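Take a walk through this structure with me. Keep the sequence at hand as you read.

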Amino acid sequence: MARVYNFSAGPAVLPEEVLREAASEMLDYGGSGMSVMEISHRSGLFDTIIGEAEADLRDLMDIPSNYKVLFLQGGAYQQFAAIPMNLMKNRVADYIVTGQWAKKAWKEAAKYGRANCIASSEDKTFSYIPDCSDLPVSPDADYVYICENNTIYGTKFKTLPDTKGKDLVADVSSCFLSEPVDVSRYGVIYGGVQKNIGPAGVVIVIIREDLIREDVLPQTPTMLTYKTQSDAGSLFNTPPVYGIYICGKVFKWLKAQGGLAAMKSRNEEKAALLYDFLDESAMFHGTVVKRDRSLMNVPFVTGNKELDSLFVKKAEAAGLVNLKGHRSVGGMRASIYNAMPRAGVEALTAFMREFEEAHRA
């Protein structure tokens, strides 16, 4: 069967070149006579894999030397607890709630201290990013938290909030490596890799060294203590070996494409194709305020639930899969991550145009 265009929000499309290279090494990695899935995480082979992966990620993001890179497990969801456990020294943190994942992180943090919601866009179904230029940041807040790109609702912080000197913590799961980023503006920047980098099972945490402390909240699990993981070089326990291996290949693929500046340009071009069509269409409509639109996740509707369902069904038959919107919002959503080729977006917009012609009222 021919490969489809996969618009899933995650686990999501991976570069075909990476998949083919991994397939060629499946039974014998580096002349070892073993698959990467079979090698020891304490071996020299894996030491090279994780070492190169970190070096390439540091190169791609220009990560300063005073930041640690951790390859962890548990997904972004586990970080909702790990962050307050490790950083809530004053037991106070401020959260900007712009979607379900930020909301879940905020509620999780409330288990460990005073978690303040200092801005929210829930009043309009998270369809915009609130003004964050003059926030009521708590004087004793340990950090300010955002989810930088909202996978479900399709919004993106185009300007980082003014945290008034407090450390910024950002979940970047669905925009990871989609554009250049100034890591020095964050205390912690983290994300699950299953949306824009690799297979499910790995979360990458990039954390400034001074935030890696021994004085974490009492009863913080050993596994969730950043110092434990940092001291062990992400090898405190058996890491997700194969997932890290694939991430490393994606990092090399990104470098070969020209790096993050090149990816941003490509992503802007792909997104413009889809958003321009939505803005001109009489049937399909975007659901996000224009200035806050994500380059990665594009939700849209027809305004008719039955027509939405028919579109998703017909699109799948045409090889355009996983376009059904998140269960909390309905409609459709096209996730057009780094690995989605321009041809995939062109095929989607062409199909939408044909569908509109065939189902005009």
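What follows moves from the cores to a pair of helices and then to one residue.

Remember that this is a predicted model. Start inside. The largest nonpolar core has 59 residues. Those with the most contacts inside this core are Met-61, Phe-71, Ile-96, Leu-177, Ile-204, Ile-206 and Phe-251. Helix 6, which spans residues 241–256, gives the most to this core. Its share is 10 residues.

Now pick out Ile-206. Set aside its neighbours within four places in sequence. Ile-206 is then in contact with Met-61, Ile-63, Tyr-67, Lys-68 and Val-69, among others. Its list of contacts also includes Phe-176, Val-183, Gly-187, Val-188 and Ile-189.

Return to helix 6. Its axis and that of helix 7 (residues 259–280) come within 7 Å. Helix 6 makes the contact through Trp-253, Leu-254 and Lys-255. Helix 7 brings Gly-259, Met-263 and Arg-266. By class, this contact has three nonpolar, one polar and two charged residues.

Stay in helix 7 and find Asn-267. Is Asn-267 buried or exposed? Its relative accessibility is 0%, so Asn-267 counts as buried. Leaving aside neighbours within four places in sequence, Asn-267 is in contact with Ser-178, Leu-295, Met-296, Ile-336, Tyr-337 and Asn-338.

Definitions and conventions:
Residues are numbered from 1 along each chain as its sequence is written. This is a predicted model: local features need pLDDT of at least 70, side-chain atom pairs count only at pLDDT 80 or more; totals for chains, interfaces and linings use all residues. Side-chain values use heavy atoms; hydrogens and water are left out. A nonpolar core is a set of buried Ala, Val, Leu, Ile, Met, Phe, Trp, Tyr and Cys residues joined through side-chain atoms within 4.5 Å. Buried means under 20% relative accessible area, exposed over 50%, partly exposed in between (1.4 Å probe, protein chains only). Helices (H or I, at least four residues) and strands (E, at least two) are DSSP runs, numbered from the N terminus. Contact means heavy atoms within 4.5 Å. Axes are lines fitted to C-alpha atoms, for helices over the stretch in contact, and angles run from 0 to 180 degrees between N-to-C directions. Ala, Val, Leu, Ile, Met, Phe, Trp, Tyr, Cys and Pro count as nonpolar, Asp, Glu, Lys and Arg as charged, and the others, Gly among them, as polar.
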